Amino acid sequence: MTQIALVTGGSRGIGAAVARQLGRTGWAVAVNFNRSPDRADGVVADITKAGGRAIAVQADVSDRDAVARMFAQIDQKLGRIDALVNNAGTNGKVMPFADLDVASLMEVYATNVFGSFYCAQEAARRMSTLSGGVGGAIVNVSSISARTGGMPGHVHYASSKGAVDVFNYALAKELGPQKIRVVAIRPGVTNTEIQQVFGGAEMFKRVLPTIPIGRIGEPEDIAAVVAWALSPAASYVTGTTIDVSGGR
């Protein structure tokens with residue numbers, strides 16, 4: 001039987017790479033997007049051209065009702081999911097901590113933290129053996145910023161990812177007896193559009209000397225580890241965080 005995965009924020013960057021990787025390895029994939037339908041459709045097309053099965057599903061994960069509607073749509077079109085990749089996120093505005101306003105703080109936490117809660121809750125209701133499910137796995141995409149403090153002017157982002165790390169560990173403890181594994185992945189500096197706010201290529205040049213492996217990460221580097229974390233090879237892995245950061 002084909003397993004079903006939802007990848008939030010799956011229309012670009014790390015999420016798109018994860019969706020394609022899972023599609024190549026036999027998963028049916030729900031590719032979530034918020035404002036990029038054309039990109040999501042492109043990811044779906046890549047998966048189907050390679051012989052896989054995928055659909056695009058729209059939802060702003062910071063909206064609890066929208067998340068519930070998205071899961072109902074997946075239930076109808078693909079079936080009950082076996083895996084969730086909580087990848088959707090925003091880095092917010094870069095600004096000094098003293099100037100950080102409530103709207104900017106809430107924007108980051110609403111997506112990065114509350115969105116992860118909402119999606120994991122809906123997924124757990126479907127996977128849990130307490131509600132007739134057969135178990136499953138959740139991967140929460142955090143950031144190395146949770147450990148390093150992140151870039152200057154990005155306290156709100158780094159702290160939101162720290163919250164994801166703690167959420168990951170607490171959730172694993174609660175859901176483990178229900179046959180649901182929960183693993184966090186902490187990407188380091190990765191070559192995605194989200195890095196443009198820090199200067200893109202120029203920032204990469206500045207950061208490169210701090211990465212022991214000697215290169216910037218690619219979305220496919222992260223996707224490979226996510227796919228492993230969802231696979232039977234990781235069946236005894238839960239409640240932990242895996243750094244994919246080139247040693248940084």
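Me: Leaving aside neighbours within four places in sequence, which residues is Leu 175 in contact with?

Reply: Keep in mind that this is a predicted model. Once the neighbours within four places are set aside, Leu 175 is in contact with Ala 124, Ile 138, Ile 180 and Val 182. Contact here means heavy atoms within 4.5 Å.

Me: And why does Leu 175 count as buried?

Reply: Its relative accessibility is 5%, and the word buried applies under 20%. So Leu 175 counts as buried. It lies in helix α6, residues 155–175.

Me: How far apart are Leu 175 and Thr 129, in sequence and in space?

Reply: They're 46 residues apart in sequence, and 9.7 Å apart in space from C-alpha to C-alpha.

Me: Over to α2. What span is expected for this helix, and what does it reach?

Reply: Helix α2 covers residues 37–49, which is 13 residues. At 1.5 Å a residue, 18 Å is expected, and from first C-alpha to last α2 reaches 18 Å, close to that value.

Me: Which residues of α2 are buried, and what makes them line one face?

Reply: Ala 40, Val 43, Val 44 and Ile 47 are the buried ones. Looking down the axis of α2, they fall within an arc of 100 degrees, so they line one face of the helix. In general, an α-helix has 3.6 residues a turn, so residues three or four places apart point the same way.

Me: What do those buried residues pack against, and what's on the face turned away?

Reply: They pack against α1 (13–24), β2 (28–33) and β3 (53–58). The face turned away from the buried side carries Asp 38 and Lys 49, both exposed.

Conventions
Residues are numbered from 1 along each chain as its sequence is written. This is a predicted model: local features need pLDDT of at least 70, side-chain atom pairs count only at pLDDT 80 or more; totals for chains, interfaces and linings use all residues. Side-chain values use heavy atoms; hydrogens and water are left out. Helices (H or I, at least four residues) and strands (E, at least two) are DSSP runs, numbered from the N terminus. The expected span of a helix is 1.5 Å times one less than its number of residues. Buried means under 20% relative accessible area, exposed over 50%, partly exposed in between (1.4 Å probe, protein chains only). The arc is that of the directions from the helix axis to the C-beta atoms.
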